[in-house]
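Biologist: I would like to learn how to read a structure one residue at a time. Where do we begin?

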Amino acid sequence: MEPYTTPIPLTEKVPAEIWLEIFEQVPTRADLHSVSVACKKFHDLTLRPLHRDLVWAKATHVVHSLPLWNLKRGMDIAVRSLVLGVSAVPPNVYVPMVGRDGNPEPPPLHPSVNEDDRMLVATLRYYKFLDDENFFASRALHDAMFSRIRTFTNIASLTLSHMVVYDMHFELIHSLTRLHSLRIEFCIFQHRIGSQTFNHADLPITDLTMVNLRRRCMAFLAHQITYDEDLTHILSLCTARNLQTLTVDSSADVFRHIFGAWDAHQRGWLIPQGLQNVYVLRRRCIDGEVQPLFHGENNFPETNLYHFAVQAPSLRTLSTPLFVPQNVMIAPQALPPSLERFAAPVETATFVAAVRDVKALGVLKCGLGSREAINALESVALCRPALKMLMLELRGWDDEVVPAVAELFKDLRRLKVLYEGDGGPSEDFLVMLAPEYLTKMPNLHTIELYPQPRAGSAKPDHPRFLYDASYDSAEEELRNLVIPYNRYCPRLRRVQVCSGYIMARTCEGGPWEMERVRQYQEKDDLSY
């Protein structure tokens with residue numbers, strides 16, 4: 001009789017290198033975490049991919065995470081992206097902060113009486129930074145954190161959010177030779193006077209986002225606050241020679257202060273030759289955030305954006321909620337011939353589409369009712385009947401718009417309609433959408449019809465059902481709703497008729513799967 005042998009579990013039969021390669025392909029952190037709790041071997045093997053995308057948004061995140069890097073040597077090179085929201089303040093400046101041991105740090109024995117330090121604290125209080133001690137680390141914790149960050153030499157994506165940015169952060173940015181994506185938001189900055197001078201043109205970044213940049217408070221006079229308005233040492237990040245995609249809002253007016261500066265050429269502030277995509281965002285108001293309008297924002301972008309676009313030789317995509325002020329005439333023929341994706345208010349969009357051979361068009365701020373939208377679409381169809389992508393922003397939902405689109409643009413591949421208010425398409429309209437209208441656009445692969453986000457919120461609604469309370473879930477109702485699409489729209493791959501859910505499939509005849517949308521898109525790349 002042969003002796004009994006314990007069978008080798010599957011997890012041990014597969015080499016660790018294979019498991020590591022598999023775990024590297026898992027797209028979301030939540031799925032990776034689910035795998036990590038399956039067994040001890042998976043827990044150890046998922047440590048590296050789990051820390052591939054690192055989020056240190058609060059000081060407590062850093063306290064809990066730092067010991068791991070000392071225990072697991074060699075994990076530093078695995079970090080590909082970092083979101084950083086923890087900063088420090090100068091010595092002897094007291095704000096609520098977390099110490100190296102995770103406990104609150106006591107105030108200094110001799111608080112600073114320096115005027116700049118006093119105004120920094122006043123600025124932090126004004127922007128409500130002091131409401132949460134997790135925004136700030138003690139000097140010991142911050143030094144340990146930064147020493148560790150300097151070992152993350154393979155970072156390709158870096159986000160600085162809700163923090164005070166100093167020269168050390170720009171030194172870090174310039175030391176990351178693999179950095180391609182940089183995002184800066186809700187940050188306060190060191191004074192330009194006294195800051196180091198960096199040549200941002202040498203940066204390797206290809207994608208730059210600067211939104212909701214804050215200014216230091218200089219003085220509080222009665223009901224008026226004066227700010228330090230000079231952020232050119234920050235805004236000049238947009239001069240990086242390899243830059244391909246630039247995203248800004250009115251708080252980061254690079255078109256006026258950098259590319260439109262009277263001495264731009266002397267200072268080397270040139271438009272990157274390879275810059276292809278420019279997205280100008282509406283200044284987003286978020287509940288709980290202090291977001292004052294700074295000098296010049298009321299008139300943004302004046303004519304500076306237009307003059308910039310005329311001089312950008314490789315521009316392919318331009319999306320902006322406002323191109324030029326009202327009653328200002330432009331010469332669309334002066335825009336680069338390479339322009340193929342354009343989104344702007346209705347008058348500008350139709351004007352530019354008549355001259356430039358755009359493939360994707362966003363018609364924004366359509367007026368009261370559908371007639372203005374339909375008139376604009378008819379005008380566009382006269383010169384661009386072969387449009388591939390169309391995005392519309394309506395003041396309210398109207399059942400006449402989609403039928404008009406189906407008649408005018410037979411070659412559409414993607415249609416997106418955003419509307420204000422709660423009144424959207426009816427259930428009967430969605431049921432008849434495919435056989436009546438979408439079938440006229442045989443190349444359509446994406447249809448999106450949902451409301452614009454409410455003021456102050458970036459999170460969409462996730463109702464239990466859309467129209468019929470008898471369904472057990474919104475997914476069941478949506479699966480039933482898209483049944484006619486299988487017959488009439490074989491090329492359709494993506495359907496969104498609710499802001500919180502997307503139905504998607506990978507191939508013709510394949511099963512529809514529901515994706516939960518966690519927050520609204522910040523921008524649309526006008527892809528098709």
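Biologist: Which residues does Ser-181 touch, not counting residues up to four places away in sequence?

Modeller: Contact is a matter of heavy atoms within 4.5 Å. In this predicted model, Ser-181 touches Ala-156, Ser-157, Leu-158 and Asp-207. Ser-181 itself lies in strand β5, which covers residues 181-185.

Biologist: Is Ser-181 buried or partly exposed, and why?

Modeller: Buried means under 20% relative accessible area, and exposed means over 50%, with partly exposed in between. Ser-181 has 24% relative accessibility, so it counts as partly exposed.

Biologist: How does Ser-81 count, and why?

Modeller: Ser-81 counts as buried, because its relative accessibility is 15%. Ser-81 lies in strand β2, residues 81-84. Its side chain and that of Asp-53 are joined by a polar contact of 2.7 Å. Leaving out residues up to four places away in sequence, Ser-81 touches Arg-52, Asp-53, Leu-54 and Ser-157.

Biologist: Now a charged residue. What is the nearest side chain of opposite charge to Asp-253, and how far away is it?

Modeller: A salt bridge needs a side-chain nitrogen of Lys or Arg within 4 Å of a carboxyl oxygen of Asp or Glu. For Asp-253, the nearest side chain of opposite charge is Arg-256, 5.1 Å away. Asp-253 is buried and has no salt bridge.

Biologist: Which backbone nitrogen does the side chain of Asp-253 reach at 3.1 Å?

Modeller: That of Arg-256. A polar atom of the Asp-253 side chain also lies 3.3 Å from the backbone nitrogen of Phe-255. Asp-253 is found in the loop between β10 (245-248) and α11 (254-257). Beyond its neighbours within four places in sequence, Asp-253 is in contact with Leu-235, Ile-258 and Phe-300.

Biologist: Last topic, the nonpolar core. Which residues in the largest one touch the most other members?

Modeller: The largest has 127 residues here, and Trp-56, Val-254, Phe-323, Leu-390 and Val-405 touch the most other members. Helix α6, residues 59-71, gives the most to this core, with 6 residues. Apart from it lies another core, of 20 residues, including Val-95 and Leu-120.

Biologist: Which residues does Phe-323 touch?

Modeller: Not counting residues up to four places away in sequence, its contacts include Pro-301, Leu-305, Tyr-306, Ile-330 and Phe-342.

Methods:
Residues are numbered from 1 along each chain as its sequence is written. This is a predicted model: local features need pLDDT of at least 70, side-chain atom pairs count only at pLDDT 80 or more; totals for chains, interfaces and linings use all residues. Side-chain values use heavy atoms; hydrogens and water are left out. Helices (H or I, at least four residues) and strands (E, at least two) are DSSP runs, numbered from the N terminus. Buried means under 20% relative accessible area, exposed over 50%, partly exposed in between (1.4 Å probe, protein chains only). A nonpolar core is a set of buried Ala, Val, Leu, Ile, Met, Phe, Trp, Tyr and Cys residues joined through side-chain atoms within 4.5 Å. Lys and Arg count as positive and Asp and Glu as negative; His and the chain ends are not counted. A polar contact is a pair of N or O atoms within 3.5 Å; within protein, one must be able to donate a hydrogen and the other to accept it, and residues adjacent in sequence count only if both atoms are side-chain atoms.
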